[in-house]
Amino acid sequence: MADIETFPEIKQVLHNDGSTFGFKAGAAIKAGQVVAFATTGVTDTVIPAVAGTTAQPIGVAVLPAAKDAPVTVALVGSIVTVANADDTTAIDAGEAVSDNDCAVGGTVSVAATTATGYSIGVTLDDIAGGKTGRIIVMPQIISKAAA
């Protein structure tokens, strides 16, 4: 298991528009990156989500944006394409996915149900290691499973 080294180019991010909203890019953002507010959030400003570094992910960037530029984010109910953080481990359709600590930012991995964290959505496709696939955006907090 190893993190991908570059974020892939995703040509079609949005497949079904549940809802979108315009934010300000607090950093350079690539199309298809999962985005979140920084842990010390700035009003209406999002950055690529990195588990353990950013706040709860809220959606997925529809188009690329330079720092300080407007960025359209697909929110709850949208079907979007995202990138698997791990270059070898697949994600099965129907699994909850969360932001990952991959250095490229904005990637997903299977949501750990044994720890508290954030989920960004549920996969619609099997997503091969290092590849892209569709999710339905459904951000939520994952509570640690009871023993």
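**Close-up views of the predicted model**

**View 1. Strand β2 and strand β4 (residues 45-48) pair in the parallel sense over two bridges.** Two strands are said to pair if DSSP finds at least two bridges between them. Strands (E, at least two residues) and helices (H or I, at least four residues) are DSSP runs numbered from the N terminus. Two notes apply to every view. The model is predicted, so that local features need pLDDT of at least 70 and side-chain atom pairs count only at pLDDT 80 or more, whereas totals for chains, interfaces and linings use all residues. Residues are numbered from 1 along each chain as its sequence is written, and side-chain values use heavy atoms, with hydrogens and water left out. One of the residues concerned is Gly22, whose bridge partner in β6 is Thr72.

**View 2. Five strands close into a barrel.** The order of the strands is β2-β4-β3-β5-β6, and their pairing is mixed. On average, neighbouring strands of this sheet are turned by 60 degrees against each other, direction ignored. For such angles, axes are lines fitted to C-alpha atoms (for helices over the stretch in contact), and angles run from 0 to 180 degrees between N-to-C directions. In a regular strand, side chains alternate between the two faces of the sheet.

**View 3. Ring pairs link Phe21, Phe23 and Phe37 into a cluster.** A pair of aromatic rings is described by the distance of the centres and the angle of the planes. Rings of Phe, Tyr and Trp (its six-membered ring) pair if their centres lie within 6.5 Å; planes under 30 degrees apart count as stacked, over 60 as edge-to-face and the rest as tilted. A search of the whole structure finds two aromatic pairs. Phe21 and Phe23 form an edge-to-face pair, at 4.9 Å centre to centre and with 65 degrees between the planes. Phe23 and Phe37 also form an edge-to-face pair, at 6.0 Å centre to centre and with 80 degrees between the planes. This second pair links distant parts of the chain, since Phe23 lies in strand β2 and Phe37 in strand β3, 14 residues apart. Phe23 is buried at 10% relative accessible area, whereas Phe21 is partly exposed at 41% and Phe37 is partly exposed at 25%. Buried means under 20% relative accessible area, exposed over 50%, and partly exposed in between (1.4 Å probe, protein chains only).

**View 4. The largest nonpolar core holds 20 residues.** A nonpolar core is a set of buried Ala, Val, Leu, Ile, Met, Phe, Trp, Tyr and Cys residues joined through side-chain atoms within 4.5 Å. Val34, Val60, Val80, Val82, Val108, Ile120 and Ile135 touch the most other members. Strands β3 (34-38), β7 (79-83) and β11 (132-142) are the elements that give two or more residues to this core, and β7 contributes the largest share, three residues. A second, separate core of eleven residues includes Ala25, Ile29, Val35 and Leu75. In soluble globular proteins, nonpolar side chains tend to be buried together.

**View 5. Leu75 lies in the loop between β6 and β7.** Leu75 is buried, with a relative accessible area of 17%. Contact means heavy atoms within 4.5 Å. Beyond residues up to four places away in sequence, Leu75 touches Ser19, Thr20, Phe21, Phe23, Ile58, Gly59 and Val137. The C-alpha atoms of Leu75 and Ala61 are separated by 9.2 Å, and these residues are 14 apart along the chain.

**View 6. Ser98 lies in strand β8 (residues 96-99).** Ser98 counts as buried because its relative accessibility is 8%. Leaving aside residues up to four places away in sequence, the residues that Ser98 touches include Val108, Tyr118 and Ile120. Ile120, with its neighbours within four places likewise set aside, is in contact with residues including Val34, Ser98, Val108 and Ile135.

View 7. Asn84 is buried, with a relative accessible area of 1%. Its side chain reaches the backbone nitrogen of Asp86 at 3.0 Å and the backbone oxygen of Thr89 at 2.8 Å. A polar contact is a pair of N or O atoms within 3.5 Å; within protein, one must be able to donate a hydrogen and the other to accept it, and residues adjacent in sequence count only if both atoms are side-chain atoms. Not counting residues up to four places away in sequence, Asn84 touches residues including Ile4, Thr89, Val108, Ile127 and Lys131.
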